[in-house]
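Keep the sequence and the 3D view side by side as you read.

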Amino acid sequence: MSESDGERTFRVDLLTRVEGEGAFHLKVADGRVREAHLRIFEAPRFFEAFLRGRGVHEVVDIVARICGICPIAYQMSASRAIERAFGITPTEPVRKLRRLIYCGEWIESHALHVFMLHAPDFLGYPSAIEMAADHREVVERGLAMKKTGNQIIELLGGRAIHPVSPRVGGFTKTPSRRRLREGLRDALARGLDEARQAVRWTASLDPPPFEQDYVFVALSGEGGYPLEAGEAICVSGRPDVPLDEWGDAIVETHVPQSNALHARLTDETPYLCGPMARLHHHAERLHPAAREAMDEVGLERTVTNPYRSIVVRAVEIVHAFAEALDLVDGYEEPDRPYEDAAPRDAVGSGATEAPRGMLWHRYELGADGLVRDARIVPPTSQNQARIEQDLVSMAPDLLALPHDEATHRCEQLIRAYDPCISCATHFLDLCIEREEP
C-alpha cells in the first residue's frame, strides 16, 4: 500500500487458487467509484481456429484439451452440437452413461473447489495444505470425493484427464453392467454419505454479508436437473430462449481491459450462470437426497450472496452422487456404443452445464466431414461481467476496511465464482486509487 499526493494505491501481486492472470483497478474520488475494471491478461488459446478444417470426429478429442478439470463438459457440448446438426439421436442407455460421466465431473470439480480452493478463505488459511494441519478430516473427505469422481470418468472415458472414449453419437466402448457396479457402486455409496456431511459443514461457515440482485441464466434440462443436455436457456424474469437463438439473447464484446470476452444479455445486463443459477431455476428437479440435504440446512432455492455458493456446490455434489448411484443401479448395456450419420452441410448448437455454468458450442459443418467454423462460449467468460459488477458494488465497503482485509474480501469473492483452474499459480494485481478533493 502506498499513499502520496492524496492518492492511495493497494496492490496484490499474487492470487492463488484460480486460473488466469488479472488485475482489479478501482478509482475513487469524492467518496464515489469513478472507475472499476477487472482486467484479464490470460493469453488467447485459439481453439476455435484450431477446429476449422478438422474432421468432425476430431472435435471431441480436441476440445477435451481446453480444460483438464472439465473435459467432459467440452466433449458433451461439442457432441450435442454436432449431433443436432446431423440429426443423430443417441440411445437412452448411452444418454444415461453420458449423464453418469458428467456426474463424475461435477463431483471431482466441485469437491476440488469446495475443499481445496474456497474453504481456506473461510477458515483463514493460505491453502488447503495449511488447512489440513488443523482440519485433516475435512480435507481428506474432499479428496476422497474427488477421487470417486475421477474413477467414474476413468471407467467410462478411458482415463480421468482428457478422456478418449466419448465421441459423437456416444462412446467408442461401453462397460458391462458387472464392471460398472463392481467398479463404482461401493465408492458412490460412501461418497453420498460424505457429500451429506459436506453440506452440513459448508452451511456452518460464516460468509461475509453481501447480497446482490442477480439475473440467473441456466440451461433448461430435459426432465431432470440440467446436466448433459437441454434445448433452451432459462433467464430470470424473461421467456426461455431456444438454444439455436443464443445470439439473439446473449452478446459477447471485447473490452479494453481484458483478453477474455464479456458476455451480457442484449440489453447490456450482466448475468450469473453456475450453481446458484441452476438452483434458482431448477431446485424442484434436484434428486430427493439433495433436496433433503438442502432442507436440512435451510438453504433457499434463490441464493443472492455469492459467498454462499460453496453451500450450493455441496448440495450439487449430493445430487451428483445420488444420481450416479441410481444410474449405476439401473444401468442396461446398450446394443451399440454409438449412433452415426453421414456428414452434410449443417449448423448445430449444443450446450451443457459445466460445474461453473452453461457451456455453449456452435459448429458449421460441411458434407465433406470438415468443420467450417466453430464458436465456444465458456461459463467463466459469461460470468466475468457479473464478477466485475460485484466488485464495483463491494467498493464502498472495501474503502472502509484495512488493506489486508479488503484484499482478502476481493480474492474470496472472485474465488466464489470458481473461475476455471489450472495447475499453474497466477496472480491478481489489485489497485485502488483514491483522489482526494
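Thr 174 sits in the loop between β6 (170-171) and α7 (177-203); helices here are DSSP runs of H or I with at least four residues, strands are runs of E with at least two, and both are numbered from the N terminus. Set aside the neighbours within four places in sequence, and Thr 174 is in contact with Leu 97, Tyr 331, Pro 334 and Pro 337, where contact means heavy atoms within 4.5 Å. Between the C-alpha atoms of Thr 174 and Leu 155 there are 9.3 Å, and along the chain the two are 19 residues apart.

Before going further, bear in mind that this is a predicted model: local features need pLDDT of at least 70 and side-chain atom pairs count only at pLDDT 80 or more, while totals for chains, interfaces and linings use all residues. Residues are numbered from 1 along each chain as its sequence is written, and side-chain values use heavy atoms, with hydrogens and water left out.

Now for the overall picture. The chain has 13 helices and 15 strands. Of its 437 residues, 59% are buried, which means under 20% relative accessible area; over 50% is exposed and anything in between is partly exposed (1.4 Å probe, protein chains only). Take the contacts between residues at least 6 apart in sequence, and 72% of them join residues at least 24 apart. Ala 49 belongs to helix α1 (residues 47-51) and is partly exposed, at 39% relative accessible area.

What does Glu 83 touch, leaving aside its neighbours within four places in sequence? The list runs to Ile 88, Pro 90, Arg 98, Arg 167, Val 168, Gly 169 and Gly 170.

Next, the helix pairs. Helix α4 (residues 92-123) and helix α11 (residues 309-329) have axes that come within 8 Å and cross at roughly 150 degrees; the axes are lines fitted to C-alpha atoms over the stretch in contact, and the angles run from 0 to 180 degrees between N-to-C directions. That makes α4 roughly antiparallel to α11, because angles over 145 degrees count that way, with under 35 roughly parallel, 65 to 115 roughly perpendicular and the rest oblique. Their crossing is left-handed, meaning that the near helix is turned anticlockwise from the far one by less than a right angle; clockwise would be right-handed. By class, this contact of α4 with α11 has 16 nonpolar, four polar and five charged residues. Here Ala, Val, Leu, Ile, Met, Phe, Trp, Tyr, Cys and Pro count as nonpolar, Asp, Glu, Lys and Arg as charged, and the others, Gly among them, as polar.

Helix α10 (residues 288-296) also packs on α11, at an angle of about 155 degrees and with the axes 8 Å apart. This pair is roughly antiparallel too, and the crossing is right-handed. Ala 289, Ala 290, Ala 293 and Met 294 in α10 meet Val 315, Val 318, His 319 and Ala 322 in α11. That contact of α10 with α11 comes to seven nonpolar residues, one polar and no charged.

Towards the end of the tour come helix α12 (residues 379-399) and helix α13 (residues 403-416), packed at about 160 degrees with axes 11 Å apart. α12 and α13 are roughly antiparallel, and α12 passes α13 in a right-handed crossing. From α12, Ile 387, Asp 390, Leu 391, Met 394 and Leu 398 meet Ala 406, Arg 409, Cys 410, Leu 413 and Ile 414 of α13. Eight of the residues in this contact of α12 with α13 are nonpolar, none polar and two charged.

Last, a backbone detail. Most residues other than glycine have a negative phi. His 162, though, has a positive phi near 50 degrees; His 162 lies in the loop between α6 (136-157) and β5 (166-167) and counts as buried at 19% relative accessibility. Glu 268 also has a positive phi, about 80 degrees, and is placed in the loop between β11 (262-265) and α9 (275-282).
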